[in-house]
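This briefing goes through a single protein chain by topic. Please keep the structure open while reading.

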Amino acid sequence: MGHIKGLKCRECGREYPIEPIYVCEFCFGPLEVAYDYTSIAKDISRKKIEKREKNLWRYRELLPIDGDPQVGLDSGFTPLLRAHNLAKVLGVDELYIKDDTVVHPTLSFKDRVVSIALTKAKEFGFDTVACASTGNLAHSVSAHGARAGFKRFIFIPASLEASKIVASLVYEPNLIAVDGNYDDVNRLCSEIANKYRWAFVNINIRPFYAEGSKTIGFEIIEQLGWKVPDNVVVPCASGSLLTKVWKSFKEFREVGIIREIGTKVYAAQATGCSPIASAIKKGTDVIRPVKPNTIAKSLAIGNPADGFYAAQVVKETGGYAEDVSDQEIIDAMKLLARTEGVFAETAGGVTLAAAKKMIESGKIKRDEVTVICITGNGLKTQEALQGHTLSPYYIKPSLASFEEVLSNVNKGV
Amino acid sequence: MAVKVRIPTPLQRLTQGKEEVEGKAGTIMDLVLALDKEYPGIAERISENGKIRRFVNIYLNEEDIRFLSAEGTTVKDGDEVSIVPAIAGGGRREAL
């Protein structure tokens, strides 16, 4: 399609050709895809997008592929729910949930980024895909990779919970359980990525992979009737998702899909791992690494690579950040399920709990339009709610036994 | 006895292939500037305007200097300093 100019270092601006590379050779900064927005503007329109299939590739002009989409033809375009019940509880006028608990095929927003990564891996001619992961990413690479016909190597720490291992193993990748912690696994993967010609989705394919997160933002705008929200609340681990949601808004303006953006971007983190939120709240741009300790494991990056950029976006847009305790995370997961019927993973609890705090403190105005990004499904991390849910009513198989319970239920006991 | 400085592969071209070089005691920035005298070009690769570049991590005896006093961290003879480029994206862990 010819809309990509190349890769560009975010730090020093040095330019590179489109290749499976991810670090600037000069200053070690991350490389990012650079597009030719003038040519995209001529080639994209609301009408053209609306005529396409309801998947994330409807925004393909703004995604970094050369040919046709090859992976993830059923991924993306998840519901944007108008959350009337939750809005009432939180005391706001207009609230939406961007519901990525239901992305095809593995129920997290990682299916978006992996769709782009594996399509790009095909374009580069790789036959093997790989990743280092503890959860959602492992599931997505295992599943998408199976259907796309790749050999797959998934690296995990050997101590991982059994339920998470099964959710990858069922797709029959080569699951490599490393005797070591997450840091050890990642260090090993960097070495392997240097030696073998494989597509490591979150290493050498990262500049392309990360662009997939923009599709959440494109969808929010389209689903609001080609309007931007006043506020968007995004969970932060590396900070990449937040920067890409903002990038998607700016790109839609750049190519003429929307005219203005008045959106404020808000970051959500767990108190047990809040290097980005702390920097924002302190008003500094120095991200101090932390040692994570939170139930929101998918957000537990103590040294977030895009933290600086995420904090900049929040500052630039006039947003804010909040961090929340494990108890607040659990309460918010339950609140979301009880009010809107959405069972989010712990990261979703973080996002909602942070949004709630910022509404209560007045950082998010009650009369504005707010979108909360929920990025993964709670069925995968059920152990987080152990001991925190209601109990069933145990009865004998008799009408009398049931009616005894029913009268208690009706009395509100 | 001097300071032991471990050089990452991408910068070893500047140190004639040496994985480990000797540095002088002082602050981290003193050390970087002294290294640059011996191995010209190394300072601009890892620092800019007196600050360590964002995607370069420096460890003093295995501890990230950002947990200490950043560029002002004092290094003494016998210490070990490692220069480690951060892996772009994800830091050390995969997640959002």
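The model is predicted. Chain A is assigned two domains, domain 1 (4–69 + 110–209) and domain 2 (80–105 + 213–385).

**Domains of chain A**

- The centres of domain 1 of chain A and domain 2 of chain A, taken over C-alpha atoms, are 22 Å apart.
- Contact between the two involves 20 residues of domain 1 of chain A and 21 residues of domain 2 of chain A.
- On the domain 1 side of this contact, the elements of chain A that give two or more residues are α1 (37–43), α2 (46–50), α4 (110–124) and α5 (136–148).
- By residue type, the side of domain 1 of chain A that touches domain 2 of chain A has twelve nonpolar, four polar and four charged residues.

**Helix α7 of chain A**

- Helix α7 of chain A runs over residues 182–195, and its end C-alpha atoms lie 20 Å apart, which agrees with the 20 Å that 14 residues should span at 1.5 Å a residue.
- Its buried residues are A:Y182, A:V185, A:N186, A:C189 and A:A193.
- Strands of chain A are included in what covers the buried residues of α7(A), namely β6 (128–132), β7 (151–157), β8 (174–178) and β9 (199–200).
- The exposed residues A:E191, A:N194 and A:K195 sit on the face of α7(A) turned away from its buried side.

**Helix α14 of chain A**

- Helix α14 of chain A (residues 346–360) is made of 15 residues, and the distance from its first C-alpha to its last is 21 Å, close to the 21 Å expected at 1.5 Å a residue.
- Most of α14(A) is covered, with 13 of its 15 residues buried.

**Loop residue A:A384**

- A:A384 belongs to the loop that lies between β13 (369–374) and α15 (399–411) of chain A.
- A:A384 has 18 C-beta neighbours inside 10 Å and therefore counts as partly exposed; the buried class would need 20 or more.
- Leaving out residues up to four places away in sequence, A:A384 touches A:I295, A:I330 and A:T346.
- A:F252 is 132 residues from A:A384 along the chain, and 38 Å separate their C-alpha atoms.

Terms used:
Residues are numbered from 1 along each chain as its sequence is written. Chains are lettered from A and ligands numbered from 1 in the order in which they are written. This is a predicted model: local features need pLDDT of at least 70, side-chain atom pairs count only at pLDDT 80 or more; totals for chains, interfaces and linings use all residues. Helices (H or I, at least four residues) and strands (E, at least two) are DSSP runs, numbered from the N terminus. The expected span of a helix is 1.5 Å times one less than its number of residues. A residue is buried if 20 or more other C-beta atoms lie within 10 Å of its own, exposed if 12 or fewer, and partly exposed in between; C-beta atoms are placed from the backbone. Domain bounds come from an automatic or database domain assignment. Two residues are in contact if their C-beta atoms, placed from the backbone, lie within 7 Å. Ala, Val, Leu, Ile, Met, Phe, Trp, Tyr, Cys and Pro count as nonpolar, Asp, Glu, Lys and Arg as charged, and the others, Gly among them, as polar.
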